[in-house]
Amino acid sequence: RTVPVANNYYVRPTSYQWLDPTGMTTVSLSDEAASSAQTIPFDFVYYGQTNTACYIGSNGLLGFNTAGFLYTPHHKIPYAPTPNSALYPHWADLDPGAGGNVYVGTTGAAPDRIEVISWVNVPHFDTNAITYTFQALLKETTHDIIFQYQNVQATLAPYSTGNAATVGIENSDGTVARQYTYNGTAPVTNGQAILFTHTPPAPTLTGPASPSTNLTIELTGTT
């Protein structure tokens, strides 16, 4: 089903609370691969579309179909060619077939469950000495998305802090997206968490508030 949705998400920092994926289902992925459909045990609304399953890609992305998951270099978003209807926590040329693990699972109880998709110690295709650990959280009820980064600061600068990755989210036809970074335009660091939400930021009140004083309300945040 389709439900009304605002044109795009807000993006802002949030508290980092790593969810340990140990004991969750291991998703076996080779280089340039996509998983079978992974059931989400609740309705997750993404850009107005309700989804009950997702697909996980070896290259640090997930989505609601697999078109373009294979062999597509990361790029700026929005971008009409596939992949679309996708989330990019750390879209880069990764190779879980060479090491590390990819996990999927659910934590919490209804109506506050969280679907957790994690890439743990997954190496970059160019060199197995560089590995990444990060995860995407899909939240029931609010339909918020959180990206969390445990280890993305490589010893080689070209592969560190998002310098060779796209981070963001994109709608089903590649016409609307919220890009956080592309090739390091904004850094991604260890212990960081990024929230994508339809909840606008709280207003910021500036100036003295008294019956005889004008009150200015300043709205801050990305729209």
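A: Two strands count as paired if DSSP finds at least two bridges between them. Keep that rule in hand. Strands of a sheet pair through backbone hydrogen bonds, either parallel or antiparallel. Note also that this is a predicted model.

Strand β4 covers residues 49-57, and strand β5 covers residues 61-63. The two pair in the antiparallel sense over three bridges. G57 stands opposite L61 in β5.

Now widen the view to the sheet. β4 and β5 belong to an open sheet of six strands. Its order is β3-β4-β5-β6-β11-β12, and the pairing is antiparallel. The edge strands are β3, residues 38-46, and β12, and each of them pairs on one side only. Neighbouring strands in this sheet are turned against each other by 20° on average, with direction ignored.

The part to look at closely is strand β11. It spans residues 166-170. In the sheet order, β11 stands between β6 and β12.

Take the β6 side. Strand β6 runs over residues 86-91 and pairs with β11 in the antiparallel sense, over four bridges. Look for Y88, whose bridge partner in β11 is G168.

Now take the β12 side. Strand β12 holds residues 177-182 and pairs with β11 over five bridges, again in the antiparallel sense. Here I169 stands opposite R178 in β12.

β11 and β12 also form a hairpin, with six residues between the strands.

Next, the side chains of β11. Which way do they point? T166, G168 and E170 point one way from the strand. V167 and I169 point the other way. Are these residues buried or exposed? All of them are buried. Five of the five residues of β11 are buried, so the strand is mostly covered; buried here means under 20% relative accessible area.

For contrast, go to N7. This residue lies in the segment before β1, residues 10-13. N7 has a relative accessible area of 62%, so it is exposed. Leaving aside neighbours within four places in sequence, N7 is in contact with Y47 and V176. Now find N171. The C-alpha atoms of N7 and N171 are separated by 10.0 Å, yet the two residues are 164 residues apart along the chain.

E140 forms a salt bridge with R113, and the closest N and O atoms are 2.8 Å apart. E140 sits in the loop between β9 (131-139) and β10 (145-151). R113 sits in the loop between β7 (101-107) and β8 (114-123), 27 residues apart from E140. E140 has a relative accessible area of 13%, so it is buried. The salt-bridge count comes to one.

Finish with the whole chain. How many helices and strands does the chain have? There are zero helices and 15 strands. Of its 223 residues, 48% count as buried. Among contacts with a separation of 6 or more, 61% come from residues 24 or more positions apart. The chain exposes about 10,200 Å², and carbon and sulfur atoms supply 51% of that.

Key: Residues numbered from 1 in each chain as written. Predicted model: local features only at pLDDT ≥ 70, side-chain atom pairs only at ≥ 80, totals over all residues. Heavy atoms only, no water. Buried < 20%, exposed > 50% of the residue type's maximum accessible area, 1.4 Å probe, protein only. Contact = heavy atoms within 4.5 Å. Areas by Shrake-Rupley, 256 points an atom, 1.4 Å probe, with all protein chains shown as cover. Salt bridge = Lys/Arg side-chain N within 4 Å of Asp/Glu carboxyl O. Axes fitted to C-alpha atoms, helices over the stretch in contact; angles between N-to-C directions.
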